[in-house]
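Here is a friendly briefing to read alongside the model. Keep the 3D view open and look up each residue as we go.

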Amino acid sequence: MPIRNIAVGRPEDAYHPSTLKQGLAEFISTLIFVFAGSGSGVAFDKLTNDGSTTPSGLISASLAHAFGLFVAVSISANISGGHVNPAVTFGAFIGGNITLLNGIVYWIAQLLGSVVASLLLKFVTGGLHVPTFSLSSGVGVWEGVVFEIVMTFGLVYTVYATAIDPKKGSLGTIAPIAIGFIVGANILAGGAFDGASMNPAVSFGPAVVSWSWENQWIYWVGPLIGAGLAGAIYRACLHQ
């Protein structure tokens, strides 16, 4: 049952077997998602000899992330809720659907999953560069932040409507594909401008492996604000 009020939780909940099982599910699903999504970027760079992003490259990135997230959410939904994203977890916390301590376990698992996926990509491709998120030429930092806020708001609002809301009914059966679709659509909209992360874990893993931190804060601040707004609005205004 959803937690109706924002709660810190009990310390022992953080290492309860069920919480650890949920954390493992988040680790595995995030690993699968990042390996597929970032892997598509590595493959594109190899095929184009590190060429500039093209419309076909943007479409391939959109499809890889949409399909990868559809699978990642599907395989973990019955165990952990299929967050696969620290921003989604934060939005769920703001809406009173997960405790702070459980959320921290999710965050650790998601970030570790992304780092391991990026390390695996680096290894299996013979040391090829794992692409990191960055702003395109002419895009300022605040434009990037607003892009991430708006795109992540759409993502987390979709998560609430199709997966979290207890009144969703049969709509819940399409939650994984709806969530994958909104991420794919947002990549088509924002990918050419700031990379369209919407997920701090997705940007964190490649940054660690490549040790490139320029403007990394954008891909935390924007998604967390967007997710928090979605969680608060859905809970306060629409879900009575």
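The largest cavity is lined by Thr132, Phe133, Ser203, Ala207, Ser212, Glu214, Gln216 and Tyr219. This is a predicted model, in which local features need pLDDT of at least 70, side-chain atom pairs count only at pLDDT 80 or more, and totals for chains, interfaces and linings use all residues. Residues are numbered from 1 along each chain as its sequence is written, and side-chain values use heavy atoms, with hydrogens and water left out.

**The cavity**
- The structure holds 1 cavity of 30 Å³ or more, and the largest has a volume of about 30 Å³.
- On a 1 Å grid over the protein atoms alone, a cavity is a set of points where a 1.4 Å probe fits but cannot get out, and lining residues have an atom within 4 Å of a point.
- A volume is the space filled by probe spheres set on the points, which are joined across faces, edges and corners.

**Annotated spans**
- The unreviewed UniProt entry gives the annotation "transmembrane region" to residues 24-44, 56-79, 141-162, 174-197 and 217-237; such annotations may be inferred rather than shown by experiment.
- Residues 56-79 are 100% helix and 0% strand, with end C-alpha atoms 36 Å apart.
- For residues 217-237 the figures are 95% helix and 0% strand, and the end C-alpha atoms are 29 Å apart.
- Helices (H or I, at least four residues) and strands (E, at least two) are DSSP runs, numbered from the N terminus.

**A nonpolar patch**
- Leu24, Ile28, Ile32, Phe70, Val71, Ile75, Leu171, Ile174, Ile177 and Phe181 make a nonpolar surface patch of about 820 Å².
- Two or more residues of this patch come from each of α1 (17-47), α2 (55-80) and α6 (175-194).
- Patch residues have over 30% relative accessible area and no salt bridge, and nonpolar side chains are joined within 5 Å.
- A salt bridge is a side-chain nitrogen of Lys or Arg within 4 Å of a carboxyl oxygen of Asp or Glu.
- Phe181 lies in helix α6 and is exposed, with a relative accessible area of 54%.
- Buried means under 20% relative accessible area, exposed over 50%, and partly exposed in between (1.4 Å probe, protein chains only).

**Backbone points**
- Most residues other than glycine have a negative phi.
- Met198, in the loop between α6 and α7 (200-210), has a positive phi of about 60° although it is not a glycine.
- Met198 counts as buried, at 1% relative accessibility.
- Asn215 also has a positive phi of about 60°, and is found in the loop between α7 and α8 (218-238).

Methods
Patch = residues over 30% accessible without salt bridge, like charges linked within 9 Å, V, L, I, M, F, W, Y side chains within 5 Å. Areas by Shrake-Rupley, 256 points an atom, 1.4 Å probe, with all protein chains shown as cover. 1 Å grid on protein atoms, 1.4 Å probe; cavity = no way out; pocket = protein on both sides within 12 Å on 5 of 7 lines; lining within 4 Å.
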